[in-house]
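Okay, hi everyone, let me put today's model up on the screen.

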Amino acid sequence: MKKTATQIAIKASITTIISDAALSLLKLLTGIFARSSALISDSIHTLSDVLSTVIVIIGVKLAARGPDKEHPYGHERFECVAAIILATILFMTGAGIGWTAIQNVSTTPSIDLTIPELPALIVAIVSIIVKESMYWYKRSAAKKTNSSALMADAWHHRSDALSSIGSFAGILGARLGFPILDPLAGLVICLFILKVALDIFKDAIGKMTDRSAPKKLEVQIRQLILSHKSVVSIDLLKTRLFADRVYVDVEISIDGTKTLDQAHAVAKKVHDAIENKIPQVKHCNIHTNPAPSKTNT
């Protein structure tokens, strides 16, 4: 049986929750026994991914609800709310990494450095591999389900992978006698995470404020409408994003001599073709106009 978008999203989220909890515990224990403060801090970052994934599950479940009396257009925008929350968490994470890096850059010469043990370096490498794998796994699920919340969470996993790269650089630098590598890597990682957070936030806000659908999708809709031989022209085409779905308003011109029943039949064929062949379309509204008679031109 084919899985629904909600089932795919929840399965991906539960899988990453289990992986994150195990990885966070591994980092914490290794950080304590291998005397690595960087790895201990990184374990807390990984634990925050569990919270973000729980937010995704809640958002996906709420978005999957059908229309009701208070929400006659459905609940899809709850996914945008989840994406905005995740973007905020991601922004705070990046800012925290950046602030810590700036403090370390200014105080590194006076730090009485503790040299981490080799296991800390190994676990940092394991963390990079696992978190990057989670990013691609979650990204694939987000693409399949067209979920902005899931994509935001995927980037949160990548931010953790980047944080682990910073931990690795810091541990390796400390072992080689170059502690400055850790804060410098942190600054670069901070800038990257902040950019991703702003992109996710901008995308979610766009979907909350009736932004038009991408041009590529509008071209696809136009081609589909004009493929019907009864359609003379497209007088108006408007689209608006409703979370990860699309509403379409169309005015088409057809032969003005057709009866009302015939005009309705043409509109229904166009309507059904758009909704059935373009999965992103949640609802399509078709209005017919009489085309100018050729005898009058």
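So, start with Ser41, which has a relative accessible area of 47% and is therefore partly exposed. For that word I'm using these cut-offs: buried is under 20% relative accessible area, exposed is over 50%, and partly exposed is in between, with a 1.4 Å probe and protein chains only. Ser41 sits in helix H2, residues 37-63. By helix I mean a DSSP run of H or I with at least four residues, by strand a run of E with at least two, and both are numbered from the N terminus. Now look across to Ser163: 122 residues separate Ser41 from Ser163 in sequence, yet C-alpha to C-alpha they are 9.5 Å apart in space.

Quick housekeeping. This is a predicted model, so local features need pLDDT of at least 70 and side-chain atom pairs count only at pLDDT 80 or more, while totals for chains, interfaces and linings use all residues. Residues are numbered from 1 along each chain as its sequence is written, and side-chain values use heavy atoms, with hydrogens and water left out.

His71 is in the loop between H2 and H3, and with 29% relative accessibility His71 counts as partly exposed. Take His71 and Val188: they are 117 residues apart along the chain, and their C-alpha atoms are separated by 43 Å.

Then there's Glu79, in helix H3, residues 77-107. Is Glu79 buried or exposed? Buried, because its relative accessibility is 12%. And what does Glu79 touch, leaving aside neighbours within four places in sequence? Its contacts, meaning heavy atoms within 4.5 Å, are Gly59, Val60, Ala63, Ser147, Ser148, Ala149 and Asp244.

On to helix packing. Two packed helices are described by the angle between their axes and the distance between the axes. The axes here are lines fitted to C-alpha atoms, for helices over the stretch in contact, and angles run from 0 to 180 degrees between N-to-C directions.

First pair up: helix H4, residues 118-145, and helix H5, residues 148-176, whose axes come within 8 Å and cross at roughly 165°. That makes H4 roughly antiparallel to H5. On the labels: under 35 degrees is roughly parallel, over 145 roughly antiparallel, 65 to 115 roughly perpendicular, and the rest oblique. The H4 and H5 crossing is left-handed, where left-handed means the near helix is turned anticlockwise from the far one by less than a right angle, and right-handed means clockwise. By class, 20 nonpolar, four polar and nine charged residues make up the contact of H4 with H5. Nonpolar is Ala, Val, Leu, Ile, Met, Phe, Trp, Tyr, Cys and Pro; charged is Asp, Glu, Lys and Arg; the others, Gly among them, are polar.

H4 also packs with helix H1, residues 5-33: the axes of H1 and H4 come within 10 Å and cross at roughly 170°. H1 and H4 are therefore roughly antiparallel to each other. The contact of H1 with H4 has 13 nonpolar, seven polar and five charged residues.

How do S1 (residues 231-242) and S2 (residues 245-255) pair? In the antiparallel sense, over 10 bridges; pairing needs at least two DSSP bridges between the strands. Arg240 has Tyr247 in S2 as its bridge partner, and Ser233 stands opposite Ser253. The hairpin has two residues between the strands, and Ala243 takes a positive phi near 60° there. S2 and S3 run parallel, joined by 10 bridges; Ser253 is partnered with Asn289 in S3, and Glu251 with His287.

The axes of H7 (residues 215-226) and H8 (residues 260-277) come within 10 Å and cross at roughly 140°, so H7 and H8 are oblique to each other. Their crossing is right-handed.
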